[in-house]
Amino acid sequence: MKFGFTLRAVCAAVAVAGAVMAPAAHAGTASKTKYPLVLVHGFIGFDNIVGIQYFYTIPGALRDDGATVYIASVNPSQTTEFRGEELIQQMKQWAAKDGVKKFNLIGHSHGGPTVRYAAGTVPTMVASVSTVAGTHFGSKVADDILAGTTPGGGFDQTATAGLKLISWLTGNKTTSDTDLLTALNALSAPGAAAFNAKYPAGAPTTVCGQGPSSAKVAGNSILFYSFSGTSLKTNTSDISDALLAYTGDYFKGEANDGLVSRCSSHWGKVVKDNYPWNHLDEINQVLGGIGKGAPEPAAFYKQHANRLKWAFL
């Protein structure tokens, strides 16, 4: 009896010690990429307003899983080039402060062309470009709004004032440059075509097809990935779904997420272009209100970080 008790005690002690010394089941390294991730918001976007992140809960989930994450703050309503220059300046500041050599850029919506601008302008600082519902070939919503607006009209002025408020709340230093029509022109089909002619790296080789997964920019190899959703009403309790269902009608039956068509989102290697998400679900908004059974956005971003990790980026 005494021997049996002692043996059980020793075994228990060994088990406890083993549990303490063994690595945790979730060590938090799956998203630990060689180069930091940079999340770049889209049109009417922000980095953080009153504690609410544009990429809702996503940066924290990535960091908990080992990633180093920077969040860009660019103008919510300006040209792609204007926003891209803001991004580049922040990249240079992070590089100088933390000794970073390259970045993995991830852009949502207008953030897609924005990160492509950075890749085309400072290719030595960019390891990869990933776009989620990128407006690479414009948005029919922008086209139709432009067709019905008058420069200097009441709608334009009111909308611009609201956008400037967003810019001011997020602390962006270029609030005075915020302008609705400027952004809509950049997001239109003609505006996107003009931009693509200047920055073609990663472009699809066929209509609605794929582009190269790796492209040379000024002698630097950069990987290009794209993703998007094609759902509209995904959560009846999400206040944004009705609006996205309305704007989805602009596409006249073409698969879209409410603001960007499936084909417009294609750039580089198209990993998946039909997630059951709408345009806000792709960034876990509004406040995590995605559809029942849909993939968790935070898990998606972690999975992609792991993809970059295994690509040695």
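There are three salt bridges in this structure, a salt bridge being a side-chain nitrogen of Lys or Arg within 4 Å of a carboxyl oxygen of Asp or Glu. What we are looking at is a predicted model, where local features need pLDDT of at least 70, side-chain atom pairs count only at pLDDT 80 or more, and totals for chains, interfaces and linings use all residues. Residues are numbered from 1 along each chain as its sequence is written, and side-chain values use heavy atoms, with hydrogens and water left out.

Confidence next. The average pLDDT (the predictor's confidence in each residue, from 0 to 100) is 87 for the protein, and 82% of the residues score at least 70. Residues 1-26 have pLDDT below 50, and beyond near neighbours in sequence this stretch makes zero contacts in the model, contact meaning heavy atoms within 4.5 Å. Where pLDDT is low, predicted coordinates should not be read in detail.

Back to the salt bridges. For accessibility, buried means under 20% relative accessible area, exposed over 50%, and partly exposed in between, with a 1.4 Å probe and protein chains only.

K97 pairs with D98 at 3.2 Å, N to O. K97 is exposed at 66%, and D98 is partly exposed at 39%.

K140 and E254 pair at 3.0 Å, N to O. K140 is in helix α5, residues 140-148, and E254 is in the loop between α9 (241-248) and β9 (269-275), so this bridge ties together parts 114 residues apart in sequence. Helices (H or I, at least four residues) and strands (E, at least two) are DSSP runs, numbered from the N terminus. K140 is partly exposed at 36%, as is E254 at 26%.

R262 and D273 pair at 2.8 Å, N to O. R262 sits in the loop between α9 and β9 and D273 in strand β9, so the pair ties together parts 11 residues apart in sequence. R262 is partly exposed at 28%, while D273 is buried at 15%.

A cavity here is a set of points on a 1 Å grid over the protein atoms alone where a 1.4 Å probe fits but cannot get out, and lining residues have an atom within 4 Å of a point. The whole structure has one cavity of 30 Å³ or more. The largest cavity holds about 40 Å³, and its lining includes T80, H110 and F195. Helices α7 (180-187) and α8 (189-198) are the elements giving two or more residues to that lining; α8 gives the most, with three.

Conventions. 1 Å grid on protein atoms, 1.4 Å probe; cavity = no way out; pocket = protein on both sides within 12 Å on 5 of 7 lines; lining within 4 Å. Points joined across faces, edges and corners; volume = space filled by probe spheres on them.
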